[in-house]
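This briefing concerns the ligand site and the strand arrangement of the structure shown below. Please keep the sequence and the model in view while reading.

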Amino acid sequence: MELPRVTDARGNLTFIEGGEHVPFDIARVYYLYDVPGGEFRGGHAHRELEQLIVAAAGSFDVVVSDGVSTERFFLNRSYYGLYVPRMVWRELEDFSSGSVCLVLASQRYDEGDYYRDHDEFVAARAAAELA
Ligand code: TYD
């Protein structure tokens with residue numbers, strides 16, 4: 001999603017309003033930083049949670065999967081966000097030095113909302129497709 005940009009010689013500004021620039025109310029913000037080279041984050045899906053992922057600084061890849069097909073997104077602009085709906089497996093990797101991954105989330109933290117086992121996620125997606 002392209003986010004609003006107020007460009008200015010003094011430095012640029014981007015803002016995100018819940019329900020306006022992301023299709024959900026924002027209940028939580030968190031960010032990943034100081035990620036060592038070669039490390040990856042994520043490796044899970046959410047039952048209900050929706051997120052917008054922004055490379056607030058630097059760059060990284062987000063690999064998303066519905067259990068059948070996989071797509072890789074390279075994020076390197078602070079005015080683009082990747083919207084990740086519920087029931088999508090995500091992995092974040094190839095973080096550049098000094099990068100900051102900003103995440104806006106539709107719900108507060110709830111470990112019960114996670115699928116952390118990939119096989120369990122794929123089975124749940126398949127069951128949902130059949131239902
Ligand atoms: P996790 O979501 O697995 O991190 P990532 O997907 O970015 O690799 O969370 C890592 C740990 O941090 C886990 O123990 C739960 C905790 N955590 C919170 O307490 N609150 C939060 O909002 C988040 C995102 C994680």
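In this predicted model, the side chain of Arg 28 places an N or O atom 2.4 Å from an oxygen atom of the ligand. His 44 has a polar side-chain atom 2.5 Å from a ligand oxygen atom, and for Tyr 114 the corresponding distance is 2.6 Å. On its own the ligand has 530 Å² of accessible area, of which the protein covers 63%.

**Shell around the ligand**

- The residues surrounding the ligand are Arg 28, Tyr 30, Leu 32, Arg 41, Gly 42, His 44, Tyr 109, Tyr 114 and Arg 116.
- Sorted by class, this shell consists of 4 nonpolar, 2 polar and 3 charged residues.
- Strands β3 and β4 each contribute at least two residues to the shell.

**Loop between β3 and β4**

- Val 35 is located in the loop that links β3 (28–32) with β4 (41–46).
- Is Val 35 buried or exposed? Val 35 has a relative accessible area of 14%, and it counts as buried because this value is under 20%.
- Val 35 and Val 6 are 29 residues apart along the chain, and their C-alpha atoms are separated by 29 Å.

**Four-stranded sheet**

- An open sheet is formed by 4 strands in the order β3-β10-β5-β8, with antiparallel pairing.
- Why is one side of β3 and of β8 (81–84) left without a neighbour in the sheet? Both strands stand at the edges, and each therefore has a single partner strand.
- On average, neighbouring strands of this sheet are turned by 20 degrees against each other, direction ignored.
- Within the sheet, β5 (residues 51–57) pairs with β8 over 4 bridges in the antiparallel sense.
- Val 54 has Gly 81 as its bridge partner in β8.

**Five-stranded sheet**

- A further open sheet comprises 5 strands in the order β7-β6-β9-β4-β11, and its pairing is antiparallel.
- Strands β6 (residues 60–65) and β9 (residues 89–93) run antiparallel and are joined by 5 bridges.
- The bridge partner of Val 63 in β9 is Glu 91.

Note on methods. Residues are numbered from 1 along each chain as its sequence is written. This is a predicted model: local features need pLDDT of at least 70, side-chain atom pairs count only at pLDDT 80 or more; totals for chains, interfaces and linings use all residues. Side-chain values use heavy atoms; hydrogens and water are left out. Buried means under 20% relative accessible area, exposed over 50%, partly exposed in between (1.4 Å probe, protein chains only). Two strands pair if DSSP finds at least two bridges between them. Axes are lines fitted to C-alpha atoms, for helices over the stretch in contact, and angles run from 0 to 180 degrees between N-to-C directions. A residue is near a molecule or strand if one of its heavy atoms lies within 4 Å of it. A polar contact is a pair of N or O atoms within 3.5 Å; within protein, one must be able to donate a hydrogen and the other to accept it, and residues adjacent in sequence count only if both atoms are side-chain atoms. Accessible areas come from the Shrake-Rupley method with a 1.4 Å probe; for residues, only the protein chains shown count as cover. Ala, Val, Leu, Ile, Met, Phe, Trp, Tyr, Cys and Pro count as nonpolar, Asp, Glu, Lys and Arg as charged, and the others, Gly among them, as polar.
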